[in-house]
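Here is a friendly walk through a structure, heading by heading. Please keep the 3D view open while you read.

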Number of protein chains: 2
Amino acid sequence: MTPPLKIIIVGGVAAGPAAAARARRTNSKAHVILIEQGAHISYGTCDLPYFISGVIREERALIAYTPAQLQQDKGVDVRTRQRVEKIRPAQKKLLIRDLTTNALTEESYSRLILATGSTARQPFPELNDCPNFFTLKTLPDAQNIRAYLHTHQPRRVTILGAGFIALELVETFRHLGLAVTVIHQEELPAPGFEDVTRHIVLDKLAEQQVRYVGDADVTGFERDAHSGRIQAIRTCRGDVETELVVMAWGFVPRVELAQQAGIRLGRHGGMTVDQHMRTSVDGIYACGDCVELKHHLTDRPAYVPLATYAAKTARVAADNAVGTRAVFKGMVGTIGFRFFDLELARTGLTAATAQAHGFQPVAKTITEWSHAHVLPGAEKMAVTLLADRRSGQLLGGEIVGKQGAALRINPLAVALQAKMSVADVARTDFLYTPPFAPLWDPVLRCAMQLEKAVGTRF
Amino acid sequence: MTPPLKIIIVGGVAAGPAAAARARRTNSKAHVILIEQGAHISYGTCDLPYFISGVIREERALIAYTPAQLQQDKGVDVRTRQRVEKIRPAQKKLLIRDLTTNALTEESYSRLILATGSTARQPFPELNDCPNFFTLKTLPDAQNIRAYLHTHQPRRVTILGAGFIALELVETFRHLGLAVTVIHQEELPAPGFEDVTRHIVLDKLAEQQVRYVGDADVTGFERDAHSGRIQAIRTCRGDVETELVVMAWGFVPRVELAQQAGIRLGRHGGMTVDQHMRTSVDGIYACGDCVELKHHLTDRPAYVPLATYAAKTARVAADNAVGTRAVFKGMVGTIGFRFFDLELARTGLTAATAQAHGFQPVAKTITEWSHAHVLPGAEKMAVTLLADRRSGQLLGGEIVGKQGAALRINPLAVALQAKMSVADVARTDFLYTPPFAPLWDPVLRCAMQLEKAVGTRF
């Protein structure tokens, strides 16, 4: 009799628990071990801004599975406060430290799934012990920010960065009544979006009485000698006094373990995986924020750490690890967020990335009503579409508006995946019904305009 | 010098004015004549229920162009209160009656575009002069219903039929405070939708205190001898007393002129057109509710009289009539409506139509949150998807829920047009962001479940 398949999964936040549950579901005989160095597993990092704001009150609401639940409901052997210190791929063994007892043990595996995730980018190591400086990546990060707000009652907060998490945090802190300053390296907020959208975000920041310091490099921090607290942030645009600092400069893949095990990394620093989520080392799979994923439009790996890809790649890694063939064919970078009463979403390539990959992007922006403007509640939205001048292929899309704007990105995500031309998108059978959409849906109207700019090909 | 192209368009409601404006835009030298027998042109028939309810107060808000505006802004020669009595295709001439003077004139054309639309299906000719019986198709119909409500203050209305316009009218009359009864031939309301949706509509009717008389054939009308008003509707399920009756039994194409001109009709009674919107008679194009259109999934003509197709086919007919090549490739039957706080939408084939066209439909229904349920406002929605058992091809989809349900039909419309498999839909990069969509969008989750039922093909 062969021993049962032993799957070890490293990392317990998003991809890890998903992979663990999936592995058990696909192969109920497998012994599935989930190892996490922290105390919590399986929580929604995307919900954290709403936990800080108090819109989500209970920590419990963030957690999909406690360790006990994942164990009981899914039959996963969950081990928290355990850190994998080394992978020995040749022996298929792990060296694991118990963070409570400090004891080291060895554990063998049949297949290993790395779901080590990402960490917040933080290039100021001197701030690691600073009491009023935070990044936001983990549940403890959010708990720490909440605790600081509670105990110190700051009136002024500074957000470093102006990406979508930074902007969600702006909303969070305005919701809590704090004066908010945003410091960003680029002239406009919302990097990765087209300028038309970025200007709308800039206007919304002003409308919400948020001070935006753009085009500003952070040159240093003025800290209180006694408490160590940051009192001001020095930038090339002047000093910004503050009582609390939250940095949202994006994420970097956690790949120390992978590197040490000799797993190949890509040019963005994430692990290289094939469509079965296999790394370059035999028997080791990876999923979630620690990997690079193929972009459908460029056919090249990109680093886009999003919860949806964590969930999807976890399933694929788990299925293949237990012996069922599954593939993750790629992604197109669909992303969106709420910013006060604005809905913003984008998918595919920006003009800049399209150009960098050899396309000849042509862009068109239109504004159109969200639904028949003779009915109450209709609002204007801006839609930008990009297509390749030579082939007519749709390359990307972006929408900013009020209610009903963000969800309109999904038809474009489907069109990108199907590699449709903008002319085909312009001929799609979109819903018209006065309370929900105008006769020509904003997306359709933009596609028609862009088709004209690119030229129809039948 | 050749004389200018003379384009005559017959019919002024939706497709006609759109074709007229488009013809002038594509070819500014063309002489474009729009002939309409009524007094109004270019109005939104889909808005009429909201005009009756008073949500849209002014008649003017329904009208895109008055005759004078279409003349001035677009250079169209608009002729209202004129009826085309005969087409003489061999001579390329029309016989036209002036409905004011009763005079008959002849007019020649280079190309003719028939946009004669549809009429409400009304198989009770004895009710044509009945003062409290109405259909709803034209602006005068809506004006007449409004006038009757104003002068007679009825407290009870009966709607004949339970399709989407009937249901919109239910909402209209409940909004106005009337007691509403619906009489429908089938057991469930919302024909053309799957049973799961139809049961939800039935429950909503009950919740809104609407009396639903299903499975009921109308056998006669009890009318007041003096006034001629209907007092009761006789059905095989008993008599229904009423003070006002609105019939919404669908639409039939208006093709008397076309028939007389020898234009070929399809099996659904609409004109047969090619992808350039050419009829079977040389020099005559047709668009809008009077034509049958190719369904992308069956490759067969279907009769789906919707405003979107009127708008789209009008452009194609106009472009081709003035000499610019354009095509209408087909449609997938995307349709939706609001019913109180419900949003309903569908696209593609139903299980029944799919089966009738030789597919082997497999259906899956799931219910899922509209967005992260830990945030306020999340509501459950039901998504039903259909795929072909043999090929895995997506065949149709249907969504019923609250806010954000209807617009989710558009990604499915794109997927149908691209003839994607349900497995490909299940791998699409849908938006996830807590305030707008859950980690697995309802559409995605349904596609994943259906993929499992059908079996994956890589």
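## Where the helices of the two chains meet

In this predicted model, helix 10 of chain A (residues 410–417) packs against helix 10 of chain B (residues 409–417), with the axes 7 Å apart and at an angle of about 20°. Angles under 35 degrees count as roughly parallel, and the two helices are therefore roughly parallel to each other. As helix 10 of chain A passes helix 10 of chain B, the crossing is right-handed.

Which residues make this meeting between helix 10 of chain A and helix 10 of chain B? From chain A come A:N410, A:P411, A:V414 and A:A415, and from chain B come B:N410, B:P411, B:V414 and B:A415.

## How the chains are related

Now for a helix pair inside a chain. Two packed helices are described by the angle between their axes and the distance between the axes. In chain A, the axes of helix 1 (residues 15–26) and helix 8 (residues 307–321) come within 8 Å and cross at roughly 40°. Helix 1 and helix 8 of chain A are therefore oblique to each other, and helix 1 passes helix 8 in a right-handed crossing. On the helix 1 side of chain A, the residues that meet helix 8 are A:A15, A:A18, A:A19, A:R22, A:A23 and A:T26. Their counterparts in helix 8 of chain A are A:A310, A:A314, A:R315, A:A318 and A:D319.

Chain B has a helix 1 (residues 15–26) and a helix 8 (residues 307–321) whose axes come within 8 Å and cross at roughly 40°. These two helices of chain B are therefore oblique to each other, and their crossing is right-handed. The contact involves B:A15, B:A18, B:A19, B:R22, B:A23 and B:T26 from helix 1 of chain B, together with B:A310, B:A314, B:R315, B:A318 and B:D319 from helix 8 of chain B.

## A covered strand in chain B

Is strand 1 of chain B (residues 6–10) mostly covered or mostly open? Strand 1 is mostly covered, with five of its five residues buried. In a regular strand the side chains alternate between the two faces of the sheet. In strand 1 of chain B, B:K6, B:I8 and B:V10 point one way while B:I7 and B:I9 point the other way, and all are buried.

Strand 1 of chain B pairs with strand 2 of chain B (residues 31–36) in the parallel sense, over five bridges. Within this pairing, B:I9 stands opposite B:L34 of strand 2.

## Two three-stranded sheets

Chain B holds an open sheet of three strands in the order 4-5-6, with antiparallel pairing. Its edge strands are strand 4 (82–88) and strand 6 (104–108), and each pairs on one side only. From one strand to the next the twist averages 30°. Strand 5 of chain B (residues 93–98) is joined to strand 6 by five bridges, and the bridge partner of B:R97 in strand 6 is B:L104.

Another open sheet of three strands in chain B has the order 13-14-15, again with antiparallel pairing. Strand 13 (218–223) and strand 15 (238–241) of chain B stand at the edges with a single partner strand each, so one side of each is left without a neighbour in the sheet. Here the twist averages 25° from one strand to the next. Strand 14 (residues 230–235) and strand 15 of chain B pair over four bridges, and B:T235 has B:G238 of strand 15 as its bridge partner.

## A closer look at A:V213

A:V213 sits in strand 12 of chain A (residues 211–213). Its relative accessibility is 8%, so A:V213 counts as buried.

Leaving out residues up to four places away in sequence, A:V213 touches A:T181, A:V182, A:I183, A:H184, A:T235, A:R237 and A:V240. A:V213 and A:V240 are 27 residues apart in sequence and 9.0 Å apart in space, C-alpha to C-alpha.

Terms used:
Residues numbered from 1 in each chain as written. Chains lettered and ligands numbered in written order. Predicted model: local features only at pLDDT ≥ 70, side-chain atom pairs only at ≥ 80, totals over all residues. Heavy atoms only, no water. Pairing = 2+ DSSP bridges. Axes fitted to C-alpha atoms, helices over the stretch in contact; angles between N-to-C directions. Buried < 20%, exposed > 50% of the residue type's maximum accessible area, 1.4 Å probe, protein only. Contact = heavy atoms within 4.5 Å. Parallel < 35°, antiparallel > 145°, perpendicular 65-115°, else oblique. Left-handed = near helix turned anticlockwise from the far one by under 90°.
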